[in-house]
Amino acid sequence: MRYAILGDIHSNETALQAVLKHIDRENVDVLVSVGDVVGYGPSPGACISLLRERDAVVVKGNHDSACVGELSIQHFNNYARKAVIWTKGVLTKDECKWLSALPLSVELNDCEVSHGSLFQPELFNYTQSISDADLSLETMKTPVCFVGHTHVPVTLWRPATNGGTTEFNFEVVIALGEASKSLVNVGSVGQPRDEDPRAAYALFDSKQQTVELRRVQYDIDLEAAMFRDAGLPDVLAERLYLGV
Ligand code: ZN
């Protein structure tokens, strides 16, 4: 099976369309989203529709949860909070119902998926250290789990050769067979934060046991204009150019 795994889309339709165009050339069997489909950007409805049309497997992110009123925005920064309030105002009843029904984690045949951490996914904790990763790695039932949330692509894995100690791996092609367990952060489609403004996604081939972390250029000028037309905070459009 070939899986395309999309990180935090955040209502960026231009980036999502560019990534889907790429994926269409890759013989993908299953489309997966690690959550945060909405929040920040101007096109929540269009992004939800594109995933629904393709029967994507989607888990719930903290912004998805906040935009349907399930999670408090108290701990969100000022701009994120403004975008959540804006999104709440434009989501239809049906879109809210769909977001609300999303699971917090999913176990598929070859992998697991969660937004921030597979351990207590309802807390939306970030996986930023070896000890954070160990919590998910201990919880995993399959050899590989995909997450997002930090918007920074990275793999935390236990290479078979080092006695099972967890390590960081910044390679863009990951040979899963070399590890006992791997936790892959696929980065972000709509709001990358690793100083690379291109949209990020991952291709997972379960037969080959490989993961490729891909980047796709998209029309940031067009998307930034859509942010401004929607009246969203200018800083959210500006950061698209910097990938921060
Ligand atoms: Zn996010």
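Q: How do I read two packed helices: at what angle do the axes of helix H1 (residues 13-23) and helix H2 (residues 44-53) cross?
A: Two packed helices are described by the distance between their axes and the angle between them. Here, the axes of H1 and H2 cross at roughly 20° and come within 9 Å. An axis is a line fitted to C-alpha atoms, for helices over the stretch in contact, and angles run from 0 to 180 degrees between N-to-C directions. H1 and H2 are therefore roughly parallel (under 35 degrees; over 145 is roughly antiparallel, 65 to 115 roughly perpendicular, the rest oblique).

Q: Where do the helices and their numbers come from?
A: Helices (H or I, at least four residues) and strands (E, at least two) are DSSP runs, numbered from the N terminus. This is a predicted model: local features need pLDDT of at least 70, side-chain atom pairs count only at pLDDT 80 or more, and totals for chains, interfaces and linings use all residues. Residues are numbered from 1 along each chain as its sequence is written, and side-chain values use heavy atoms, leaving out hydrogens and water.

Q: Which residues make the contact between H1 and H2?
A: Contact means heavy atoms within 4.5 Å. H1 gives Glu13, Leu16, Gln17 and Leu20, while H2 gives Ala46, Cys47 and Leu50.

Q: How many disulfides are there?
A: A disulfide is a covalent bond between the sulfur atoms of two cysteines. The test is a pair of cysteine sulfur atoms within 2.5 Å. The count is zero.

Q: In what order do the six strands of the open sheet lie?
A: Two strands pair if DSSP finds at least two bridges between them. The order is S4-S5-S6-S10-S7-S8, with mixed pairing. Strands S4 (105-107) and S8 (167-169) are the edges, each pairing on one side only. The twist averages 20° from one strand to the next.

Q: Which strands pair with S10, and in what sense?
A: S6 (residues 144-147) is parallel to S10, over four bridges. Val144 stands opposite Ser182 there. S7 (residues 154-159) is antiparallel to S10, over six bridges. Arg158 stands opposite Lys181.

Q: Why is strand S10 (residues 179-185) largely enclosed?
A: Five of its seven residues are buried, so the rest of the structure largely encloses S10.

Note on methods: Buried < 20%, exposed > 50% of the residue type's maximum accessible area, 1.4 Å probe, protein only.
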